[in-house]
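Here is a friendly briefing to read alongside the model. Please keep the sequence and the 3D view open as you go.

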Amino acid sequence: MSMVIQGETGDWEMVIGLEVHAQVTSQAKLFSGAATDFGRPPNSQVSLVDAAMPGMLPVINEQCIYQAVRTGLGLRAVINLTSVFARKNYFYADLPQGYQISQYEQPIVGEGEVVLDMPDGSTRRVGIERLHLEQDAGKSLHDQHPTKSFIDLNRSGVALMEIVSKPDMRCPEEAAVYVAKLRSILRYLGSCDGNMAEGSLRCDANVSVRKPGEGLRTRAEIKNVNSLRFLQQAIEYEARRQIDLYEEGGQVVQETRLFDANKGETRSMRSKEHAHDYRYFPDPDLLPLTLTPAYVSAIKADLPELPDQKKERFVREYCLTPYDAGVLVAEQANADFFETVAKGRDAKLACNWVTGDFAAVMNRLGRSIEDPPVTAEHLGQLIDLIADNTISGRIAKEVFELMVETGQAPAVLVEERGLKQVTDSGAIEAAIDAVLTANSGKVSEYRSGKDKLFGFFVGQVMKNTGGKANPALVNDVLRKKLEG
Ligand code: MN
């Protein structure tokens with residue numbers, strides 16, 4: 001998918017690359033044993049290493065290496081058996097070391113890819129340039145005191161994976177789908193919880209525009225966008241700003257910009273001309289990190305089924321459309337719920353219920369799949385009752401609402417409330433006879449050629465039986481009676 005934007009001077013296209021900072025799921029920080037829990041009192045999870053006390057030495061946390069390798073494999077990427085930690089030097093109040101330990105020329109993970117599942121059912125590949133491990137900085141709090149800023153170092157030294165894409169995206173929607181898919185993969189792997197609101201997943205967008213067929217033009221980087229909606233708005237705004245600038249005869253300068261969500265616009269933060277020269281150099285406190293092929297293959301052998309594989313299996317095993325399968329596998333808990341419902345049943349029907357009425361009730365009640373309004377077992381039983389003709393599809397919707405209200409099993413509700421479908425042909429015949437007698441005028445009209453009245457008769461019979469008559473039987477018997 002490529003989106004062409006019409007300008008005064010002809011067509012333009014967007015070129016988008018994303019850098020995602022994903023917080024590694026780990027009990028301890030990248031180079032210290034301090035805890036990483038979110039929302040603890042300020043400065044309560046800070047070791048001497050994180051506070052950069054003189055003489056402290058970083059010690060690599062093996063769990064973070066394991067998570068980075070797992071993630072690299074999940075992105076079908078090259079794992080570099082040797083990687084190097086480097087110091088990225090800059091001054092900021094929330095960075096007590098005066099440098100961030102990151103990886104520069106030799107990251108732990110090289111090129112890979114993410115497959116985007118677009119809403120129209122098509123797929124698109126976005127290349128991954130690299131993934132490297134680095135420390136997070138602390139946090140400056142500017143809103144606690146009228147004249148002072150406070151520093152919270154709880155986040156200082158927490159492990160991040162910086163995942164850099166190639167500039168392969170061409171519209172804001174692709175960027176949002178990319179981040180959502182990346183998040184899904186990370187959550188399947190358990191290497192990052194993907195919580196954008198808590199800052200576990202932060203997104204920088206590199207945006208440039210060009211005439212179709214041209215090489216790359218100068219890009220601007222939009223920093224720290226924390227929702228998919230803002231990401232799309234920011235890219236949209238930034239591309240338009242650059243096009244307007246070019247068309248007025250101006251030039252785009254390479255710079256870092258911030259998205260102001262209240263105004264819906266990006267504004268300049270610092271220009272790269274004055275940008276830091278970070279003076280990267282290998283951290284003398286850390287040896288190059290070397291992995292054995294056996295270590296990597298053991299992790300590979302232990303990978304869970306990931307969204308792409310699960311989607312493919314759902315299409316194959318359950319005959320779902322790629323779109324339906326893509327929706328179901330985005331969250332592992334949803335996929336598991338669906339599989340429990342679908343097991344041994346009509347998968348298409350199960351899919352319709354899970355993505356339809358069930359999803360709607362979840363939204364309405366603000367419930368999560370971990371705390372569903374109806375259990376997978378009960379939803380499955382409801383589908384069984386439809387399949388064996390105990391209830392019609394229409395009554396099933398009524399039963400479903402009762403299940404949500406009462407938490408009871410569908411069979412109990414159907415029994416208690418007398419919702420069983422009438423399949424007794426004697427009872428249906430009687431109901432039909434009553435309708436035909438009461439509408440003898442319409443019967444004559446029908447018999448003299450007004451076929452459309454058939455639906456009216458069906459409607460009357462269903463109404464008089466409280467919707468419980470088996471529709472197929474009603475059709476059958478009614479046709480015979482009217483023609484006889
Ligand atoms: Mn970074």
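Helices (H or I, at least four residues) and strands (E, at least two) are DSSP runs, numbered from the N terminus. With that in hand, Asp277 is found in the loop between β14 (265–271) and β15. This is a predicted model, in which local features need pLDDT of at least 70 and side-chain atom pairs count only at pLDDT 80 or more, while totals for chains, interfaces and linings use all residues. Residues are numbered from 1 along each chain as its sequence is written, and side-chain values use heavy atoms, with hydrogens and water left out.

- Asp277 counts as exposed, at 53% relative accessibility (buried means under 20% relative accessible area, exposed over 50%, partly exposed in between, with a 1.4 Å probe and protein chains only).
- A polar atom of the Asp277 side chain lies 3.1 Å from the backbone nitrogen of Arg279.
- Asp277 and Tyr90 are 187 residues apart in sequence, yet their C-alpha atoms are 8.2 Å apart in space.

**The three-stranded sheet**

- β5, β4 and β15 make an open sheet of three strands in the order β5-β4-β15, with antiparallel pairing (two strands pair if DSSP finds at least two bridges between them).
- Its edge strands are β5 (99–103) and β15 (281–282), each of which pairs on one side only.
- Strand β4 (residues 85–89) is joined to β15 by two antiparallel bridges, and Arg87 stands opposite Phe281 in β15.

**The manganese site**

- His21 (NE2), Glu134 (OE) and Glu162 (OE) coordinate the manganese ion at 2.1 to 2.2 Å (donors are N, O and S atoms within 2.8 Å of the metal, or 3.2 Å for Na, K and Ca; water is not among the atoms, so sites may look incomplete).
- Along the sequence, the spacing of these donor residues is H-x112-E-x27-E.
- Glu134 lies in strand β7 (residues 123–135) and Glu162 in strand β10 (residues 159–165), so the pair ties together parts that are 28 residues apart in sequence.
- Both Glu134 and Glu162 are buried.

- His132 belongs to strand β7 and is buried, with a relative accessible area of 5%.
- The side chains of His132 and Glu134 are joined by a polar contact of 2.9 Å (a pair of N or O atoms within 3.5 Å; within protein, one must be able to donate a hydrogen and the other to accept it, and residues adjacent in sequence count only if both atoms are side-chain atoms).
- Leaving aside residues up to four places away in sequence, His132 touches Ser102, Gln103, Pro107, Ile108, Leu160, Met161 and Glu162 (contact means heavy atoms within 4.5 Å).

**Strand β2 and its partners**

- Twelve of the 14 residues in strand β2 (residues 10–23) are buried.
- Strand β1 (residues 4–7) pairs with β2 in the antiparallel sense over four bridges, and the two form a hairpin with two residues between them.
- Within that pairing, Val4 has Glu13 of β2 as its bridge partner.
- β2 also pairs with strand β11 (residues 201–210), in the antiparallel sense over ten bridges, where Glu13 stands opposite Arg210.
- Five bridges link β2 to β10, again in the antiparallel sense, with Ala22 opposite Met161 in β10.
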